[in-house]
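Let's look at this structure together, one question at a time. Have the sequence and the 3D view ready.

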Amino acid sequence: MKRFKALAAAALLSAFALSGVQARTLKMAYDADPVSLDPHEQLSGGTLQLSHMIFDPLIRWNQELGFDPRLAEKWERIDEKTVRFSLRKGVKFHSGNEMTALDVRWTFDRLKRSPDFKGIFAPFEALNIVDKYTIDIVTKEPYPLVLHTATYIFPMDRKFYDGYDAKGRPKDAIVKHGDAFASTNASGTGPFVITSREQGVKVEFERFGDYWDKGSPGNVSKIVFTPIKEDPTRVAALLSGDVDFIAPVPPADLQRIDKDPNTDLVTMSGTRIITFQLNQNRRPEFKDKRVRQAIVHAVNNEGIVEKIMRGFGTAAAQQSPKGYLGYDPKLKPRYDLAKAKQLMMDAGYGNGFSVTMMAPNNRYVNDDKIAEAVAGMLSKINIKVDLKTMPKAQYWPKFDERAADIMMIGWHSDTEDSSNFTEFLLMTPDKETGYGQYNSGNFSNAKVDELVLANQKETDVKKRTAMLQEIEQILYDDAAFVPLHWQDRAWAARKGVEIAPIVNVMNFPYLGDLVIK
Amino acid sequence: MLAFLIRRLVQAALVMFVISIIAFSIQDNLGDPLRELLGQSVSEKQRQILRDKMGLNDPFLIQYGRFLKKAIHGDLGTSYFFKRPAVDVILDKLPATLELVFGASLIIIVFSVPIGVFAAIYPKHWFSKFSMGASIVGISIPVFLTAILSIYVFSVEFGWLPSFGRGETVDFFGWRTGFLTRDGLVHLILPCIALSSIMLPLFIRLIRSEMMEVLESEYVKFAWAKGLQPRRIWFLHALKNTLLPVITVGGVQIGTLIAFTILTETVFQWPGMGFLFLEAVNRVDTPLIIAYLIVVGLIFVITNTIVDLIYGLVNPTVRLTRPQE
């Protein structure tokens, strides 16, 4: 607390020193607040959103899914396993320490220790220091996703986390459960400093006076962040003017917010694919490609997007959303009931069969309603579905048990790259390598496995694109899964709070650059 | 008196012990806490390592034994999410919930007694009929609907009252209260009304029927025959006897009111322990869930004890320490 106050005072003083910029306060509400101030404790949207407020990455995604320089000014590939980054000079941490290559290496080593992040950083061999402001990131094999991964490196203040806390525990320990220095204290280079935090109630931020990015148009000097769990309450808080900015926006209220003269709505096609998996171990019928195809043809996912999602999504026929390398515009949703019936007849299941289905009811937007709709659609090709929906807390253990014949899963690629979908959802399950960890359908295709492994070592973008698109094509032909849609993203703000330029499909609003008129 | 309190203490310990066993045995059905602690792509191997570290793979009795041993020293475990002792987390949120319950109780008492008495004395009056009708509606509408409706009417449409949260609070001898600031009071209005909306109709009806019964009793008839002032009969003789059963029911209902705070607090994003509990269930924060159940069990026992004490004061014929026969 004392540290918070000292930092706050410093931030405030320096904020006053900035002249000409009109200081504004932003009151915002998300559905949940960050679990921890430690950027390496949990790999989740909440953690990354917070990281972009109190830390800065080496490079970050822009709205076109390209990379913008942040703490790294330039980068170049110097050989097939090495990418060299030049760091920005004169960047200060909140504590006043200067950021150098040593901090970046320290952060990298810590990421390799984090249970949540070590998977993403597994292909990396080392981060070598060339000089005070230059680093080399070296991978074990040629690796195409070095830049994607560099968006996860938020340099931490090495000196700040050095030593031991009052209870004699190392300050840099990553602790999942139980308290730790790093989960309640932070020093980054980011635009904001936390001045007070009451978990689950309120977090307050002040702008960091010594923030390096003087070119940022952002004029928010104070943020009051309140988690509001209930959708109607969050929307009411915006409409009544109690808060300026909310996310997520429930589909039911999109129109209302859009029409309200005092509020602005920003929506974007999302990257999280919602699918059903057909368990071939539990159901011999699903081993027959024609049955799987029949099911895909029987599911009117465009209708689901229109009626249940109220347009708040994009019907899918593949895993990769538009903008990803693997996205193939030729693959289109293929609802065709007559063809579905024919395929069932061809496979010898004209009279159908009965299956069990499970879906969560509070994980994805309208997840239980979608499952009900799909169950209804399958009844038209004589597949009788016994559907069970449950809260996510109970659903995931069931998913791990593969407890039903058809199970719902949504996936967002942590690397923002196509390969990640197949690695987790559709590669042949292998306990040793961890591939196919979420492949509840037990789908297996040797060619797909081979292509995924090959693409991971391909640094030529063209060749990789071809491989990733071929994977999508095979999965499409094989009807490896039932694609539903990519969930849209939506943010809403009071008029004058210009969120459109700062939000992105990854859902890390760059609040440092937010302008309030 | 002392013997009574000691007996209650033993009862409380027993109640909490039973709750802890029940809570502990259902925790496996609540879900997997690791899902909420770890990112989606963490490997199964990593999960197992953490599960071992947290002792989640141990057999039930070992886990429960470990819990009991700590519980005897007042440690009910550490919340996964808050990373602080579960009891501390709950005690932090307790004032918010108690103030909500207090505000709602105040509304209930202030409105139910006069309306109930009036309806008993003048059963044919239009106001009595209106309040009986309204109370039926009040009982039938669920709390969360009342809450959301009131937010839309008073915050969004009219903009009179804030839509969520506790507003400004001040420290009052270590108790963070919203009753002492204007902002805090304004924030209390809607949640308190929403919370009282279930109990208020119930109490109006209860007081009315009890009062009507008392008005029919022999001693009231005798009082009329004696020519006493109507006021004296209604408010001194009849009301006092009416309130006896009301106090009993009220004591039990305060506990229920605490249970209803779960819904009210969720809708209003009220940072109390009801909301905390619902969140804990969503996150499978088992230590916090168990601690909450035990604390609420304790509150039930305490309120019932207090009610019994008050009952003894109001009705001298009830003696708490009856000699064992």
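Q: Which residues does Ala291(B) touch, not counting residues up to four places away in sequence?
A: This is a predicted model, where local features need pLDDT of at least 70, side-chain atom pairs count only at pLDDT 80 or more, and totals for chains, interfaces and linings use all residues. Residues are numbered from 1 along each chain as its sequence is written, with chains lettered from A and ligands numbered from 1 in the order in which they are written. Touching means that C-beta atoms, placed from the backbone, lie within 7 Å. By that test, the partners of Ala291(B) are Leu76(B), Gly77(B), Ala86(B), Val87(B) and Ile90(B).

Q: How many helices and strands does chain A have?
A: Both are DSSP runs numbered from the N terminus: helices are H or I with at least four residues, strands E with at least two. Chain A has 15 helices and 21 strands.

Q: How is helix H6 of chain A oriented against helix H7 of chain B?
A: H6 (residues 231–239) of chain A and H7 (residues 143–157) of chain B pack with axes 10 Å apart, at about 5 degrees. Axes are lines fitted to C-alpha atoms, for helices over the stretch in contact, and angles run from 0 to 180 degrees between N-to-C directions. Angles under 35 degrees count as roughly parallel, over 145 as roughly antiparallel, 65 to 115 as roughly perpendicular and the rest as oblique. So H6(A) and H7(B) are roughly parallel.

Q: Which residues of H7(B) does H6(A) meet?
A: From H6(A), the residues involved are Pro232(A), Thr233(A), Ala236(A) and Leu239(A). On the H7(B) side they meet Ile148(B), Ile151(B), Tyr152(B), Ser155(B) and Val156(B).

Technical notes:
Two residues are in contact if their C-beta atoms, placed from the backbone, lie within 7 Å.
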